[in-house]
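Dear colleague,

Please find below the structure that I am handing over to you.

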Amino acid sequence: MKPKIVRTIAQLRREIAEYRSARTAGGGTVGFVPTMGYLHEGHASLLRRSAAENGLTVLSIFVNPIQFGAGEDLDKYPRDEERDIRIAGESGTDLVFLPTVDEMYAGRRVTTVTVSEVTDGLCGASRPGHFDGVATVVMKLFNIVQPDRAYFGLKDAQQVAVIERMTQDLNVPVEIVPCPIVREKDGLALSSRNVYLNPQEREQALALSRALSKVEPWIAEGCNASELTAKLRQEIALSALADIDYAEVVTYPDLAAPEGSLPLRQMRETFLVALAVRFGRTRLIDNRLLNLTEAGADLCFAK
Ligand SMILES: Nc1ncnc2c1ncn2[C@@H]1O[C@H](COP(=O)(O)OP(=O)(O)OP(=O)(O)O)[C@@H](O)[C@H]1O
Ligand SMILES: CC(C)(CO)[C@@H](O)C(=O)[O-]
Ligand code: BAL
């Protein structure tokens, strides 16, 4: 079904209030999927889940300028509104919120939401200010939509950790639902930015998922965090076009360095193995979440 297109905050509030006062199917809950558009099957999986779990599903499409750094790809970020609306409808979306930059940031803005600690490393270190931009726009969108549940992909695992901290710390009444990474058949994590890759870069971009697929055997062999990081780097470097931004192992969801140099398999922790790699001008991220906390289990990997 074709979703309703809404371009202003006032109209979105009216539509959602109308839905809430009618309280119809699905227990009357509102599910929310924030995106920057150019939708793919990863986004569609979040929308379908929201549609299955809520009476109303709201999708936002907004390329948020304040989360891009100088020299990043804000101006060339891919856009296709017509196709996005079609995919949104096929995935069970009821309302598509498509605000302009002016609608979101009219006038002077002197308030920024900053989440500390979990933003110190990984993409927070490589993209200074990025998570301030993400937390600020997501807080604004949460206040506009006031969803019961919000759906985020674990491809951006640090973003999930940041949003979870923000909602806990600021008592935002929303349930954050982390969703699994959707991949191409050959393993590449879906990302809107994959369209930037030329055929050689696309082929070599498999270095990320290939390296991550070896993490379980390396941990089973007894690697500690620094040995695992070195192996990841070696594996990725086999792809000549790969320029590694980071390859790291951190605890999840605190995103802290694992203590000591013990083999990871001896630590009852959940670990995030996270990669960011450039191919030409395209920066890709991917990760693996490993749950080694099961009591009595030797190794228990989260899928
Ligand atoms: N492959 C994927 N599997 C599951 N969720 C995904 C995937 N790719 C993106 N998402 C999720 O979709 C939401 C919107 O992300 P966004 O619009 O930035 O898409 P993207 O493909 O990650 O784009 P980019 O290339 O800019 O990183 C986020 O919660 C993100 O984690
Ligand atoms: C959450 C988000 C829509 C905020 O702009 C963005 O960071 C994204 O698409 O992951
Ligand atoms: N999915 C993360 C959005 C960004 O890279 O800015």
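A residue is called buried here if 20 or more other C-beta atoms lie within 10 Å of its own. Leu122 counts as buried because it has 24 C-beta neighbours inside 10 Å. Please bear in mind throughout that this is a predicted model.

The peptide bond that joins Tyr252 and Pro253 is cis, with omega at about 10°. For context, most residues other than glycine have a negative phi, and most peptide bonds are trans.

Overall architecture

The chain contains 11 helices and 9 strands. Its radius of gyration is 20 Å, close to the 19 Å that the globule rule gives for 303 residues, so the chain is as compact as a globular protein of that length. The C-alpha trace spans about 55 × 45 × 40 Å along its principal axes. Of the 303 residues, 36% count as buried. When contacts between residues at least 6 apart in sequence are considered, 71% of them join residues at least 24 apart.

Domains

The domain assignment gives domain 1 (4–179) and domain 2 (192–291). Their centres, taken over C-alpha atoms, are separated by 27 Å. To the contact between them, domain 1 contributes 15 residues and domain 2 contributes 17 residues. On the side of domain 1 that touches domain 2, helix 5 (122–126) and helix 7 (157–169) each supply at least two residues. Helix 7 provides the largest share of that side, 4 residues. By class, the side of domain 1 that touches domain 2 is made up of 9 nonpolar, 4 polar and 2 charged residues.

Ligand surroundings

Which residues come nearest to ligand 1? Of the 18 residues around ligand 1, these are Gly42, Gly153, Leu190, Ser192 and Arg193. Helix 2 (41–53) and strand 5 (149–153) are the elements that give two or more residues to this shell. The largest share, 4 residues, comes from helix 2. The shell around ligand 1 divides into 8 nonpolar, 7 polar and 3 charged residues.

The surroundings of ligand 2 consist of Pro34, Thr35, Met36, Asn64, Gln67, Val134, Val137, Val138, Asp156 and Gln159. Two or more residues of this shell come from each of strand 2 (30–35) and helix 6 (130–145). Helix 6 gives the most, with 3 residues. In terms of class, the shell around ligand 2 has 5 nonpolar, 4 polar and 1 charged residues.

Ile61 is found in strand 3 (residues 56–61). It counts as buried, with 22 C-beta neighbours inside 10 Å. Apart from residues up to four places away in sequence, Ile61 touches Thr35, Met36, Gly37, Asp84, Val96 and Leu98. Two of these contacts, Thr35 and Met36, also belong to the shell around ligand 2. Ile61 and Met36 are 25 residues apart along the chain, yet their C-alpha atoms are separated by 4.9 Å.

The buried side of helix 9

Which residues of helix 9 are buried? In this helix (residues 206–213), they are Ala207, Leu208, Ala211 and Leu212. These residues cover an arc of only 130° around the axis, which puts them on the same side of helix 9. An α-helix has 3.6 residues a turn, so residues three or four places apart point the same way. What covers the buried residues of helix 9 includes helix 8 (199–204), helix 10 (215–221), helix 11 (225–237), strand 7 (242–251), strand 8 (270–279) and strand 9 (282–291).

With kind regards

Notes. Residues numbered from 1 in each chain as written. Chains lettered and ligands numbered in written order. Predicted model: local features only at pLDDT ≥ 70, side-chain atom pairs only at ≥ 80, totals over all residues. Rg over C-alpha atoms; globule rule 2.2 N^0.38 Å. Buried ≥ 20, exposed ≤ 12 C-beta atoms within 10 Å, placed from the backbone. Contact = placed C-beta atoms within 7 Å. Near = placed C-beta within 6 Å. Nonpolar A, V, L, I, M, F, W, Y, C, P; charged D, E, K, R; others polar. Domains from an automatic or database assignment. Arc of directions from axis to C-beta.
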